[in-house]
Amino acid sequence: MTRPSTITLYDFEISASCYKVRLLLSLLGLDYARVAVNFYPGFEHRQPAFREINPLGQLLVLRDGDLTLRDAQAILTYLARKYDPAARWLPSEPTLFGEVMMWLFFAASELSAATAARLHDILAFPVDEASAKTAARRAFRIMDDAMTGREHDGVSWFVGEAPTLADVALFPSIALSRDFGVEHDEYPALRRWMRRVRGLDRFIAMPGIPEHP
Amino acid sequence: MSTDRRGWYAVSLSSGVPPGTANGTHLFDEEIVVWRDTNGAPHVWADRCPHRGMRLSFGFVRSDHLACLYHGWQYGSDGRCLHIPAHPGLRPPESIAVWRHSTHEALGLVFVHFGEVEETPALPAGMVGREFIPVRSIHVACPADRLADRFAALAITSFDRRLEGGIFALAATQSVIAGAVEKDGIGETLVGAVQPIGANRSALHLVVAGNGISCRGAPQRHFSRTIERLRDGIESGSLPMTGPIAPLH
Amino acid sequence: MIRTTDRTALDQWYCIDDLDDIGSAPRRTHLLGQEIVVRRDADGAVRVNEIATDGSVGAASPVEKRYGYAWTTLGAPARDILAIPESHEPDRKSVKCGAVTVHASGLRIVENFLDMAHFPYVHAEILGSERDPEVRHYHAEIRREVDEVWATGCKFFQPQASAAATGGVMVDYAYRVASPFVVLLYKTCVVAADRSDVICLFVQPMDEDLCRAHPVMFLIDDAAPQATLIQFQQLIFLQDRIILENQRPRLLPLEPRAEIPTRADISSVAYRRWLKEKGLLFGTAEGAREL
């Protein structure tokens, strides 16, 4: 990590979305400054001062020099495009690119229920718990069916033959599912895939994802 | 315990628990941990560290022992505690041990015995010495006996050509179903073993016995997709609960 | 949920909400299986009422304001809410870290708070390291004169003892259980070596296997920003939460032979014995109702 850092991450330690970005920053070997935002109990992200940075009043924001970006998936694609010249994490080849984007949008939409269920169970956020958990399970099942097919094809990652942003974007929600009472036993292909992700060089964990000494 | 639960049940594909890994699952609502040491031996234990009750399935495998995630207590393959990190010089008393289940590995599956121990299971004729290719483990929100029955009905109509062989039981409840599938002249035997997880949840562990090269790729995907349709049909109620099933592909 | 009949549990004060969060809008929660509602009335006073089984607002419960929180009781406590003299020191910074919900018995949560042997595994390279996992001898006792459980003389090497720490230090700990669901620790302050930081966990048992834990710290004035201090504590507690939710049985067994302690566990042994002497059933395996 020798690059002088221009990156600042507005961060909440136990947020799954912030972790997603921290994970990619680590995988890319990037230094960055962390600014702790009092998401809870302070709800600082909804305050006027923070809305200057993100008018949506949502936590996850990354600054790089003059650039300010919100949205986890947008941040992932920016970091990959800017700092991975070999285009391993965000392939240029159209088919692979399309598949990565498909999973990024899946992570943004279908896995938002998992994020909500987790915030409900940990921080008592008002969420329709039953429907969030049902939707999360449905999304995990789609992921497991897909990864099962990938393994039958002889490949180990969601897109192509190497890890991409698709794996990074999909990992946190299922890895943290025990935080909201969803076990991994029903998703055996994902269980194997999660081990592969945890074995990546410069992988970092967070609470809820057991790190084995 | 009611006697009709006694018997051998598949709890994992062999490939589902690679060396050095530990997974949690359930058998009749009991939490169990399935793990494999780095020598390749599978173990199925109660999913509970005797120290403070932490589930061992969250733990980590180092060579031939399983360590608990809470305090790092290490258990050897005989279930006995070998090492307590908080007291490095202490030899743990023999009484500190994890409850172990009888385990047997065959047909590309890990079996555990529920109830009083019996001899190793008698396998169906024609299975010995064959290579078993994993297809998948799939969970279905229905009781085990319904899953077994619907899988057997599926096997009769949905797989190519005639079904030979039959349904054989390793327990009083049907736990293993085998169907022989003739595909382009290469005989494959599809074996499905049902795991009763809870009252309304079970798993089907599927392997194919046959020629290793011909069974990988397209055949795995074919069986896997068919079983997905079975799962979705059972859970949505679109499949009949008894009687024949129209082909699912 | 069903309101408990366990008198030992009912006759205690419980922390139920952060005063900064209580406004005129009613906030519903549970305590010992009883649904309650918390709000401020027109004069700004905090009111707590039980919610009857038909959903109507029922009897009022006593309210005390301590340490930035609202406390209430459903019974008749023999003693006042615990005293924390350090909290009144003028150079102390009060850091409320936000309630966290845990699907576990509150007694398991308190016991985990007392435990050091898990530092190298659950809080690896922060509060402990596998390179030095030994729990050295310490002292644990039930102090009859105050009816509290104390552990003293505890020492542990910590790679990162606090948010502000910049290297490993040997940390001294003392632990204090002031009532069955109220625990706090005193640990060497990185900034002022002759004083202790105070870290409290006020557990609100909503049901036998479901709690809200209210963590609050009283720290010697620290240069670190409030958000950083809070998130360090949240990180530690979330590392514990995945353990707490996966202990079996969920309820704490008080029978000595149910689980196997070692010398490192003498504080938990004292705690369990103390709970048994009190006749506490709520949250224990022995007192379990059909859940």
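# A tour of the predicted model, beginning at a sheet in chain C

Select chain C and find the four strands that make an open sheet in the order β2-β3-β4-β5, with antiparallel pairing; two strands count as paired if DSSP finds at least two bridges between them, and helices (H or I, at least four residues) and strands (E, at least two) are DSSP runs, numbered from the N terminus. Colour the edge strands of this sheet, β2 (27-31) and β5 (57-61) of chain C, each of which pairs on one side only. From one strand to the next, the twist averages 40 degrees, where axes are lines fitted to C-alpha atoms (for helices over the stretch in contact) and angles run from 0 to 180 degrees between N-to-C directions.

Before going on, note that this is a predicted model, in which local features need pLDDT of at least 70 and side-chain atom pairs count only at pLDDT 80 or more, while totals for chains, interfaces and linings use all residues. Residues are numbered from 1 along each chain as its sequence is written, and chains are lettered from A, and ligands numbered from 1, in the order in which they are written.

**Inside the sheet, then the whole of chain C**

Strands of a sheet pair through backbone hydrogen bonds, either parallel or antiparallel. Show strand β3 (residues 34-40) and strand β4 (residues 46-51) of chain C, which run antiparallel and are joined by five bridges. On this pair, select C:I36, which stands opposite C:E50 in β4(C).

Now widen the selection to the whole of chain C, which has five helices and 15 strands. Its C-alpha trace spans about 55 × 45 × 35 Å along its principal axes. Chain C has a radius of gyration (taken over C-alpha atoms) of 19 Å, which agrees with the value near 19 Å for a compact globule of 291 residues; the globule rule used here is 2.2 Å times the number of residues to the power 0.38. Of the 291 residues in chain C, 47% are buried, a residue being buried if 20 or more other C-beta atoms lie within 10 Å of its own, exposed if 12 or fewer, and partly exposed in between, with C-beta atoms placed from the backbone. Among contacts in chain C between residues at least 6 apart in sequence, 60% join residues at least 24 apart; two residues are in contact if their C-beta atoms, placed from the backbone, lie within 7 Å.

**From chain C to chain B**

Chain B itself is assigned domain 1 (8-114) and domain 2 (132-236), the bounds coming from an automatic or database domain assignment. Colour the two domains separately and look at their contact, which takes 15 residues from domain 1 of chain B and 14 residues from domain 2 of chain B. On the domain 1 side, β1 (7-13) and β2 (21-27) of chain B are the elements that give two or more residues, and β1(B) provides the largest share, six residues. That side of domain 1 of chain B comprises nine nonpolar, five polar and one charged residues.

**Ending at chain A**

Turn to chain A, which has eight helices and four strands, arranged from the N terminus on as β-α-β-α-β-β-α-α-α-α-α-α. The radius of gyration of chain A is 17 Å, close to the 17 Å that the globule rule gives for 213 residues, so chain A is as compact as a globular protein of that length. Of those 213 residues, 46% count as buried.

Eleven residues of domain 1 of chain A are in contact with twelve residues of domain 2 of chain A. For the domain 1 side, select α1 (16-27) and α3 (72-83) of chain A, the elements that give two or more residues; α1(A) gives the most, with six residues. By class, this side of domain 1 of chain A has seven nonpolar, three polar and one charged residues.

Notes
Ala, Val, Leu, Ile, Met, Phe, Trp, Tyr, Cys and Pro count as nonpolar, Asp, Glu, Lys and Arg as charged, and the others, Gly among them, as polar.
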